[in-house]
Amino acid sequence: MSGRARAGRTPAGRTRERGQLEAEVMRILWSHEDAIGARVVQESFGDEHVPAYTTLLTVLDRLQKKGEVVRIATSPRKVRFRPTRSDGERAGAAMLSVLESTGDREEALAQFADHLTARDAEMLERALRPRHTEGQRAG
């Protein structure tokens, strides 16, 4: 067995699953309040599987093309990136997309609700409360 296979690399030589590096870069961007450069992103990986600087620039370019990040260039050599939306906004949009693609919205919501913790259910009730109050006033 080759060293690559033992190290957990894929046949293409990758150590991450497809899309995992983009997800890790997004988590790093969300963890910073301000826009950051590729070097800061690279330093945020710690010691394990730190991607090359050029790899990160490619990932950030792809994320920009997908509309996930905004590139801020204050000079040709000083480029920073920030997410276009929060992690919560992204997750909410993904959940809504799945809900809209189902043939049985009621069943999908029931299945989702069955897997909520008590704390999740309380947070959802709080999030829904202002909408119900507005709807009652309008009626």
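Colleague: How many helices and strands are there in the protein?

Modeller: This is a predicted model, in which local features need pLDDT of at least 70, side-chain atom pairs count only at pLDDT 80 or more, and totals for chains, interfaces and linings use all residues. Residues are numbered from 1 along each chain as its sequence is written, and side-chain values use heavy atoms, with hydrogens and water left out. Helices (H or I, at least four residues) and strands (E, at least two) are DSSP runs numbered from the N terminus. From that end the elements run α-α-α-α-β-β-α-α-α, which is 7 helices and 2 strands.

Colleague: What share of the residues of the protein counts as buried?

Modeller: Buried means under 20% relative accessible area, exposed over 50%, and partly exposed in between (1.4 Å probe, protein chains only). Of the 139 residues of the protein, the share that counts as buried is 20%.

Colleague: What span does helix α4 reach from its first C-alpha to its last?

Modeller: Helix α4 covers residues 53–65 and has 13 residues.

Colleague: Which residues of α4 are buried, and why do they lie on the same side?

Modeller: An α-helix has 3.6 residues a turn, so residues three or four places apart point the same way. In α4, the buried residues are L56, V59, L60 and L63. They lie on the same side of α4 because they cover an arc of only 100° around the axis (taken from the directions from the helix axis to the C-beta atoms). On the other side of α4, the exposed residues are T54 and K65.

Colleague: What covers the buried residues of α4?

Modeller: Cover is judged here by contact, meaning heavy atoms within 4.5 Å. The covering elements include the helices α2 (20–31) and α3 (38–43), together with the strands β1 (69–73) and β2 (79–83).

Colleague: Which residue forms a salt bridge with E22?

Modeller: A salt bridge is a side-chain nitrogen of Lys or Arg within 4 Å of a carboxyl oxygen of Asp or Glu, and the structure holds 4 of them. In the one formed by E22, the closest N and O atoms are 2.7 Å apart. E22 lies in helix α2 and its partner in the loop between α4 and β1, so the pair ties together parts that are 44 residues apart in sequence.

Colleague: Which residue forms a salt bridge with D87?

Modeller: The closest N and O atoms of this pair are 2.7 Å apart. Both residues belong to helix α5 and, being 3 residues apart, are separated by about one helical turn. D87 is partly exposed, at 34% relative accessible area, and its partner is R90.

Technical notes
The expected span of a helix is 1.5 Å times one less than its number of residues.
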